[in-house]
Amino acid sequence: MRSQQSTKQFTRALVAGGSGFVGSHLCEALIDAGTAVVCVDNFETGREENVESCLGNALFELVEHDITSALPDVGPVDVVFHLASAASPVDYFRLPIETLHAGSIGTENLLNLASAHGARFVLASTSEVYGDPQVHPQVENYYGNVNPIGPRSVYDEAKRYAEALTSAYRRTYGVNTAIARIFNTYGPRMRSDDGRMIPTFIGQALAERPLTVTGSGTQTRSICYVSDTVAGLVALAASSHGGPVNLGNPIEATVEEWARRVAGVVGSSAGVNYVDATPDDPRRRCPDITRARVELGWQPVVEVDTGLKRTVEWFVDRASPAVTRQQH
Ligand code: NAD
């Protein structure tokens, strides 16, 4: 059943945060579908080289700009994707105020732009809105368990505010909005120094160093390959659904199991090393994707070992030196 799905094609998209990890894959997917893309990014955590395959394409335009400042005139767009935010703990611990502003002021600027153009607006929210969840797997109608003043709150509460603002614009001004709650996504173009679980493990395994598992390692995570996450964002944009919709791969494993799986793909025998967990580290994380399956006809299709192999190959070809510990 695909009650909300449509075959809508977009003419011109604005992708805020388009030079980041997920955003760059989204820009490529949109261009492949014939949609022109204006990528707006301040390169705070993204890199121009992420969109090098798009540069020179007549359908692609790169605008260096901070979305917390008034947006320049980018011309007509019929869809706005808001991915512009630090996303890894290493980044948002380093950029706490910027992260709050990207979720608040930045979201408002992009909502106003979408409203002015009558464009569809898609917010890249996060499973972090569920905090350390007491409902498992996480369903969209669970309100979450978030510490509003801890170090992670700059990200979690910024996204929760962004969801509230997006919902208010939908109710108050009739803006055509949608909210995606993205769960841990991995793939090529992640930075090996951004502290997230998979690139950290891959960098350590390639260097034949022990993989750093935080806490007891029994906390769980699910991981979704980036092309699946991007397909979910595009399907949500093309639908009329307002969300929130979970986008993730409901294959759950402990952090220690993920470490051993990455070590197996790389062929490392260095083992694991236990380090302190970060504050408010969630104990369980796994999406219920029934809504995405029913309303969007979407589900992940890339097998974990296939996705890990592709990611490892990219790191072997391109990656910078490994970091020493993982944050989530
Ligand atoms: P990323 O850090 O690689 O990309 C974020 C991009 O936004 C970067 O290019 C950065 O330079 C840009 N940016 C940040 N602040 C900006 C600002 N004020 N103005 C303009 N550009 C700005 O992160 P990512 O992993 O690609 O995540 C993209 C989005 O998806 C984020 O909003 C994140 O919260 C969300 N998300 C990602 C994951 C994941 O596992 N990757 C999970 C949940 C949610």
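This is a predicted model: local features need pLDDT of at least 70, side-chain atom pairs count only at pLDDT 80 or more; totals for chains, interfaces and linings use all residues.
Q: What kind of space does the ligand take?
A: The ligand takes up the largest pocket.

Q: Which residues come nearest to the ligand?
A: There are 28 residues around the ligand, and those that come nearest are Val-22, Asp-41, Thr-45, Tyr-155 and Lys-159.

Q: How does the shell around the ligand split by class?
A: The shell has eleven nonpolar residues, twelve polar ones and five charged ones.

Q: Which helices and strands each supply at least two residues of that shell?
A: Those are helix α1 (21–32), strand β5 (120–126) and helix α4 (153–173).

Q: Which element gives the most to the shell?
A: Strand β5 does, with three residues.

Q: Changing topic. How many aromatic pairs are there?
A: The count comes to seven aromatic pairs. One of them is formed by Tyr-169 and Tyr-173.

Q: How are the rings of Tyr-169 and Tyr-173 arranged, in numbers?
A: The pair is edge-to-face, with 5.0 Å from centre to centre and 75° between the planes.

Q: Why are Tyr-169 and Tyr-173 separated by about one helical turn?
A: Because they are four residues apart in helix α4.

Q: Now the backbone. What kind of peptide bond joins His-136 and Pro-137?
A: That bond is cis, with omega about -10°. Pro-137 is in the loop between β5 and α4.

Q: And what is the bond from Gly-243 to Pro-244, cis or trans?
A: The bond from Gly-243 to Pro-244 is cis, and its omega is near 0°. Pro-244 lies in the loop between α6 (226–238) and β11 (245–247).

Q: What is phi for Arg-189?
A: Phi of Arg-189 is near 85°, which is a positive value in a residue other than glycine. Most residues other than glycine have a negative phi.

Q: Where is Arg-189?
A: Arg-189 is in the loop between β7 (185–186) and α5 (197–206).

Notes
Residues are numbered from 1 along each chain as its sequence is written. Side-chain values use heavy atoms; hydrogens and water are left out. A residue is near a molecule or strand if one of its heavy atoms lies within 4 Å of it. On a 1 Å grid over the protein atoms alone, a cavity is a set of points where a 1.4 Å probe fits but cannot get out, and a pocket is an open set with protein on both sides within 12 Å along at least five of seven lines; lining residues have an atom within 4 Å of a point. A molecule sits in a cavity or pocket if more than half of its atoms lie within 2 Å of its grid points. Ala, Val, Leu, Ile, Met, Phe, Trp, Tyr, Cys and Pro count as nonpolar, Asp, Glu, Lys and Arg as charged, and the others, Gly among them, as polar. Rings of Phe, Tyr and Trp (its six-membered ring) pair if their centres lie within 6.5 Å; planes under 30 degrees apart count as stacked, over 60 as edge-to-face and the rest as tilted.
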